[in-house]
Amino acid sequence: MVAGYHPERPLIVQADRSLLLEVDNSDFAACRDRLAPFAELRKSPEHIHTYAVTPLSLWNACAAGVSYARVIDTLQTFSKYEIPANVRADIRDLMERYGRIRLLPSPSGLALEVDEPALVEQLRRSPQIGPLLGAEDGAARALVAPGQRGPLKQALLKIGLPVDDLAGYVQGAPLEVGLRGCTAGAKEFSLRPY
Amino acid sequence: MKFLRGESRMQLIDLLKRLSPEDLAALGRRRGIETTKVPDLGVLTGQLASRQSLATILCDLDAFQLAVLRWLSTQPGYSASWDTLVDTIGGRVDGEYLIAEIQELRLCGLIDFDPSTGQGFIATYAAVPTALPSRDIRLRDHFAQHDSDSLRRICTYLGLKRPPTTRDARLDLIVNTLADPGLCRAIVHQLPEQSRALFDWVVAEGGRVGLDEAQKRPGGGRAARFAGTYVYHGRYDYSEDPLTLLLRKALLIPLGQYYFTDLAVPREVAAALTDQSPFDATPLVPPPLQAGRAPDSLPAGVVPHPLSLLRDLAHLVGFVGAERCEWRQDGQPYQRSLQALGKVLKNPDRNYADVLWEIAVKARLVRPGRPGGGYTAAGFGKGQPITAFQGLLDSWPGGFLASQRLMGYLLAIPPDTWIDKESFQQLLGFMRPELFGSRGSVSTVVGSGGWATLCRLVVAEVVGPDEAPAIMVPGVVQAAATASRQPNARQEEGAGLPPWDETWVVQPDRTVVAPPNAHPQALQELWQVAELESNQGASIFRVTPASMAAALNRGLSPEQIKRLLKRRSKAPIPATVERLIADQGEHYGRIRLGAAQTYVQTDDPALLDELLESRKLAELRWQRLAPTIAVIDNSGAPAALQALRRAGYLPVLEPSDGRSPSPNGSGTSPSNKEYYRELIATVQAIAETALAIEIQWRAGSRLRKARVLPTEVIGRKLLACREDNFDDVEIPLDAVIDYRVLVDDED
């Protein structure tokens with residue numbers, strides 16, 4: 001038996017982080033379920049399904065609590081061949097980025113916190129990120145207006161820096177919504193009964 | 001030993017006689033000589049002492065072993081006591097290492113030794129110091145051609161009384177005197193002031209200067225410029241010259257083939273004055289390999305893998321086999337073709353396809369000899385991936401010793417470990433100084449192309465975060481290289497390479513997925529009918545209308561294409577693929593083309609009937625296309641014209657640009673010999689009629705045009721008279737640009 005070669009397994013891990021999953025394999029269902037948290041299904045023709053491990057899919061996995069070890073273990077468990085060296089390095093690099101930038105609640109709204117103070121300075125200089133940041137709040141923190149929460153997360157994602165959003169949500173004031181009894185043309189109006 | 005301490009020199013035969021049969025066999029292996037159980041020592045001596053054989057083995061010695069030989073070459077009689085050697089080395093290497101290194105030299109047939117304290121010895125024979133590569137000037141080499149009388153005079157200049165009577169003994173005395181630090185210093189100390197200043201200046205300049213520079217120094221201006229032994233003779237005019245004194249005492253050596261151009265301090269003198277032995281000038285133990293640093297994120301394709309390389313080579317062979325490669329006139333592939341392949345393979349390295357091509361050519365996966373120029377696909381032959389990979393490893397270095405050794409050392413470094421490239425180069429410089437010592441980097445030794453190829457075969461190279469290059473040999477490469485040298489039964493087990501998989505899967509979306517270990521033949525077959533879409537592990541092809549059309553154009557029938565896809569497919573061929581093959585097959589051949597050289601058009605269908613039935617024109621292969629049009633597909637227009645004329649008809653040629661017809665079709669290149677033959681034939685035919693021709697020719701720098709009545713052709717001239725005034729004209733045929741026969745209604 002050749003070390004690192006398992007022809008009975010269903011998965012081929014490719015250097016571009018795409019995954020080919022054989023449908024006609026007894027481990028197909030188990031493998032599919034294990035891939036789902038961190039890989040995106042790209043196409044599913046009859047015999048071989050193609051998945052892609054993308055930065056976004058990995059960061060979503062991180063947000064859901066999937067670890068690097070779990071991802072690699074899944075690939076190793078089901079892969080026919082050795083995992084390409086660059087794939088391991090890429091996945092580790094991408095998953096390690098998650099959590100380096102955190103969005104936290106702050107008395108004045110929200111605060112962006114990073115591990116390295118230099119990164120805040122770097123983000124301030126970025127034409128995409130800088131305008132979305134507020135005043136400094138310590139060496140490794142910057143205030144963020146609540147309205148910039150979505151645009152900031154999107155902009156950081158675009159430059160490959162996922163945000164671990166720990167700010168949570170606040171309960172909003174209730175808004176009363178009622179239905180009119182008659183239309184503007186003075187006709188009777190009500191919901192159709194089911 | 002009788003040859004110790006200069007009493008008598010050691011001979012190679014002495015060493016061979018002392019070697020056991022096992023040692024003799026080991027010696028034969030090291031020197032590439034087949035030794036029998038009872039070898040003829042006389043013959044073996046001749047083989048071992050040949051200059052070529054010695055030069056080769058010296059390339060395989062490490063720096064310490066070369067230092068031992070260099071040191072021995074300065075010893076009287078090329079021999080010394082073992083204790084002297086140990087004292088000279090001075091504890092810089094441990095005893096076990098010393099014995100192992102010297103024993104290796106002995107088994108290479110270069111020295112003999114006995115490491116006993118007190119009575120031990122080490123010695124070599126004369127051919128070895130002579131063959132030692134050197135960039136310095138040695139006294140023995142310089143005085144090798146000098147006569148005994150010159151050597152006697154040098155002994156006298158050095159103050160050595162009663163020099164020996166033989167030439168060799170005189171040379172030994174000179175060398176031993178100047179190599180002795182105490183004596184040499186004394187000789188230098190006694191030099192007159194100007195000579196001493198000049199000598200010190202040469203030493204300070206690194207031991208070698210140009211004569212022109214020396215002559216600008218005080219005391220250097222009067223030396224003669226011619227080489228030879230003349231300078232040592234008493235009647236030499238410049239005997240009091242400071243430079244001449246240095247030459248006569250052999251403290252400086254004149255260099256130059258016919259005239260002096262340089263002056264150099266001989267190695268023995270330099271060593272004696274600095275009190276340095278060859279062991280001081282070189283590391284005596286291998287420098288350690290230093291750990292290298294790789295970047296956190298490795299680009300795809302940097303780390304070589306045998307399976308990936310074999311797969312990509314199979315794609316290259318398939319690319320060539322499918323006639324996708326364009327060939328230059330010299331038979332090599334166009335760069336644009338290789339770039340197109342590189343794009344398809346999706347390797348980030350722009351030169352990847354060039355490197356693949358080089359590997360494929362060396363391994364003879366593609367071979368020249370394609371009809372019309374270029375290469376044909378030869379394929380990988382039989383055997384598993386391990387065999388194919390070994391073929392690549394074996395073919396890369398070719399017969400180059402440096403390349404072979406470099407690959408050997410690369411395959412010996414710790415697997416999967418990043419090593420500082422500079423420390424690896426230093427190790428190479430120690431292990432094989434003659435091959436790698438003075439070349440700078442390994443890229444210089446094997447060329448940048450050769451190193452790029454190695455980076456695909458066995459080694460990964462990256463620039464680390466500290467900007468220092470680091471190299472690494474993957475374990476799978478080392479395992480494959482090692483296992484391939486084992487018996488077949490154990491090859492697959494240790495190689496880490498899966499066996500070929502000869503199957504693929506054809507999917508309804510018209511993709512064909514071949515696994516990463518797909519058999520090269522399978523990939524080559526897919527290249528015939530499909531387009532490579534992805535190559536990041538598994539090879540994903542797609543059957544497209546264009547790929548079908550290309551396959552049909554290469555002569556495959558729809559049925560053959562279907563059979564080809566079906567033969568290796570693990571699943572039935574999907575209906576979508578079958579339909580595409582059928583559709584393309586139906587369209588194929590609906591438009592038909594053929595070669596037709598000449599057409600004939602008549603103004604009357606009856607006339608064409610007559611031509612087709614004429615027995616005089618039976619040689620022409622006619623094909624009627626319309627009532628008044630037929631084609632002749634076995635003859636060109638000029639030949640058909642002549643045939644019709646011979647049969648008594650008066651045909652004219654129609655020019656392709658739609659101008660009025662002429663007997664020979666105007667617009668033909670004047671340089672064409674056939675054109676002149678037709679012109680002459682036309683003129684001779686028209687001379688017997690009353691027809692005129694309109695002719696245009698070049699007269700000097702002017703262009704002339706006239707209507708003339710041809711009379712005859714003499715030599716290269718057409719004689720005619722003008723139609724308007726009947727003046728005679730002579731027109732050189734070479735100058736004729738155009739002409740046409742004027743039919744009656746044009747008058």
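Mentor: Between chain A and chain B the count is 2 salt bridges, a salt bridge being a side-chain nitrogen of Lys or Arg within 4 Å of a carboxyl oxygen of Asp or Glu. One pairing of this kind joins A:Lys43 to B:Asp509, with the closest N and O atoms 3.5 Å apart. The elements of chain A that give two or more residues to the side touching chain B are β2 (18-22) and α4 (85-97), where helices (H or I, at least four residues) and strands (E, at least two) are DSSP runs numbered from the N terminus. The largest share of that side, 4 residues, comes from α4(A). Sorted by class, the side of chain A that touches chain B holds 11 nonpolar, 3 polar and 6 charged residues; here Ala, Val, Leu, Ile, Met, Phe, Trp, Tyr, Cys and Pro count as nonpolar, Asp, Glu, Lys and Arg as charged, and the others, Gly among them, as polar.

Before going further, please keep in mind that this is a predicted model, in which local features need pLDDT of at least 70 and side-chain atom pairs count only at pLDDT 80 or more, while totals for chains, interfaces and linings use all residues. Residues are numbered from 1 along each chain as its sequence is written, chains are lettered from A and ligands numbered from 1 in the order in which they are written, and side-chain values use heavy atoms, with hydrogens and water left out.

Across the interface of the two chains, 7 residue pairs are found in polar contact, both residues being at pLDDT 80 or more; a polar contact is a pair of N or O atoms within 3.5 Å, and within protein one must be able to donate a hydrogen and the other to accept it, while residues adjacent in sequence count only if both atoms are side-chain atoms. The contact takes in 20 residues from chain A and 29 residues from chain B, contact meaning heavy atoms within 4.5 Å. The size of an interface is often given as the accessible area lost when the parts come together. For chain A and chain B the buried area is about 1900 Å², and carbon and sulfur atoms give 59% of it; the term stands for the accessible area (1.4 Å probe) that two parts lose on being put together, summed over both. Of the area that chain A buries against chain B, A:Val2, A:His47 and A:Tyr81 supply 25%, more than any other three residues.

A:Lys43, the partner of B:Asp509 in the salt bridge, is also one of the residues in contact with A:His49, when neighbours within four places in sequence are left aside. A:His49 sits in strand β4 (residues 48-52) of chain A. A:His49 counts as buried because its relative accessible area is 14%, buried meaning under 20% relative accessible area, exposed over 50%, and partly exposed in between (1.4 Å probe, protein chains only). Its contacts also include A:Leu19, A:Leu20 and A:Leu21, and a polar atom of its side chain lies 3.3 Å from the backbone oxygen of A:Pro45.

On the other chain, B:Arg510 lies in the loop between β12 (505-506) and β13 (511-514) of chain B. This residue has a positive phi of about 70° although it is not a glycine, and at 29% relative accessibility B:Arg510 counts as partly exposed. Elsewhere in chain B, B:Arg364 lies in the loop between α19 (352-362) and β7 (366-368), with a phi near 60°, again a positive value in a residue other than glycine.

As for the chains themselves, chain A has 6 helices and 8 strands, and buried residues make up 43% of its 194 residues. In chain A, residues 24 or more positions apart account for 54% of the contacts with a separation of 6 or more. Chain B comes to 33 helices and 23 strands, with buried residues making up 48% of its 747 residues. In chain B, residues 24 or more positions apart account for 61% of the contacts with a separation of 6 or more.
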